[in-house]
Amino acid sequence: MLNFSFQNSTRIHFGEGQISKISNEIPKDAKVLLIYGGGSIKKNGVYQQVSDALAQHTWFEFSGIEPNPTYDTLMKAQQIIKEQGIDYLLAVGGGSVVDGAKFIAAAALFEGDDCWDILAKQQPVKKALPLGAVLTLPATGSESNGNSVVTRDGNKLAFSSPLVCPLFAVLDPSITLSLSDRQISNGVVDAFIHIMEQYLTYPVDAMVQDRFAEGLLLTLIEEGPKALAAQSKDDLVVRANIMWSATMALNGLIGAGVPQDWSSHMIGHELTGAFGIDHARTLSIVLPAVMKVQRIQKRAKLLQYAQRVWQITEGDDDTRINRAIELTEAFFKEMALPTRLSQVDLGLADVELLLEKLQQHGMTSLGEHGDIDLETSCQILMQAL
Ligand code: NZQ
Ligand code: ZN
């Protein structure tokens, strides 16, 4: 196992009815900015529950954060923060809203000239407004990590700071019943691939992290399709297990002390930035291609994955690895996600632009060995055609 330091300080309130807990989480004298997206929270009753919980507080609201939140939209929040003296942010939504609120929190107290430098130049975040979250879409893990992804002019960039990690997060699985099938699928597969990015590298004798990761993968493989099936769609047990899996997938626990990959995400961000493809759909296309192109480097872990996650014990090593990749793709298909660029109307002609963007963003030595250079990314994208 590699050396590590681990802390996750987000207090989680999990279960039905837990939104009421925010009233005690946020100091009563705080001036709160409720931040949300396009309005799903008004249709499913979450806005009302949050308003009730904030009855004793002074609060304002900022809405309109779009999926893959943009810099321009997020910067508009600074005006109300200054005018009203806001000193606490409450994000209510999916990963985009939580990520957006994190950037707003950092930008509000940023002392540099240009807030975009937090992303483009990775300028360190030295201060940020405190932040809480009510998660409505299990997927990103943003509710209990310090990561945020922001888009500007087709450039999708990330920053990370413990200062923007939510102080608390409410996870009520019943809120997820209003999700569309598309968002359910996206969420399950995004969480699945977060686990893979931290698991499918090379062995470092991290037994606990490996077994946790495999347990989470098995849970998503078992429960994900149930959340789409007519007879189990409204099953809160299914939703609860998906929701907790997605949080555990990217709260730092399974990634502590192990090598990490993240190449599927970095290549995927270019697909979203350039072509607007949903985050999870970029991953379901890129990951199988990464597994194929990097099969030598990932050989030992691919065999472990084949045996422990897919129970493949027959055949020689190559046969088992091929079967594990096939079953991974079959799972993404079962979740109604694409596994090829052609399924999202992209082809050979688009590969060049993606490679240019990877270069522009310094994504030229990706993966757990840093050996995915532009040529290897090209092979991955060609493999995904
Ligand atoms: O905006 P509203 O109206 O709320 O609708 C949203 C949005 O249209 C809707 N939705 C959310 N909860 C709902 C709901 N609709 C009905 N009922 C509910 N309960 O779903 C749509 C998509 O929401 P979004 O927040 O964009 O999805 P997701 O949670 O998948 O977040 C994706 C963003 O997170 C970033 C991605 O890059 C992308 O920008 N990521 C953040 C990470 C992190 N912070 O650690 C890691 C991830 O790898 C990822 O990169
Ligand atoms: Zn992701």
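1. How many residues of domain 1 are in contact with residues of domain 2? Counting contact as heavy atoms within 4.5 Å, 23 residues of domain 1 meet 23 residues of domain 2.

2. Some ground rules before going on. This is a predicted model, where local features need pLDDT of at least 70 and side-chain atom pairs count only at pLDDT 80 or more, while totals for chains, interfaces and linings use all residues. Residues are numbered from 1 along each chain as its sequence is written, chains are lettered from A and ligands numbered from 1 in the order in which they are written, and side-chain values use heavy atoms, with hydrogens and water left out.

3. On the layout: domain 1 covers 11-174 and domain 2 covers 181-383, with bounds from an automatic or database domain assignment. Their C-alpha centres are 27 Å apart.

4. Now the interface itself. About 1900 Å² is buried between domain 1 and domain 2, with carbon and sulfur atoms giving 64%; buried area here is the accessible area (1.4 Å probe) that two parts lose on being put together, summed over both.

5. On the domain 1 side, the elements giving two or more residues are strand S1 (11-14), strand S6 (147-152) and strand S7 (155-160). S7 gives the most, with 3 residues. Strands (E, at least two residues) and helices (H or I, at least four) are DSSP runs, numbered from the N terminus.

6. The zinc ion (ligand 2) is held by Asp190 (OD), His194 (NE2), His265 (NE2) and His279 (NE2), at 2.0 to 2.1 Å. Donors are N, O and S atoms within 2.8 Å of the metal (3.2 Å for Na, K and Ca); water is not among the atoms, so sites may look incomplete. Asp190 sits in helix H7 (residues 181-199) and His279 in helix H11 (residues 279-293), so this pair ties together parts 89 residues apart in sequence.

7. Back to salt bridges: the count comes to 18. One of them joins the side chains of Lys127 and Glu111 (2.8 Å, N to O).

Technical notes: Salt bridge = Lys/Arg side-chain N within 4 Å of Asp/Glu carboxyl O.
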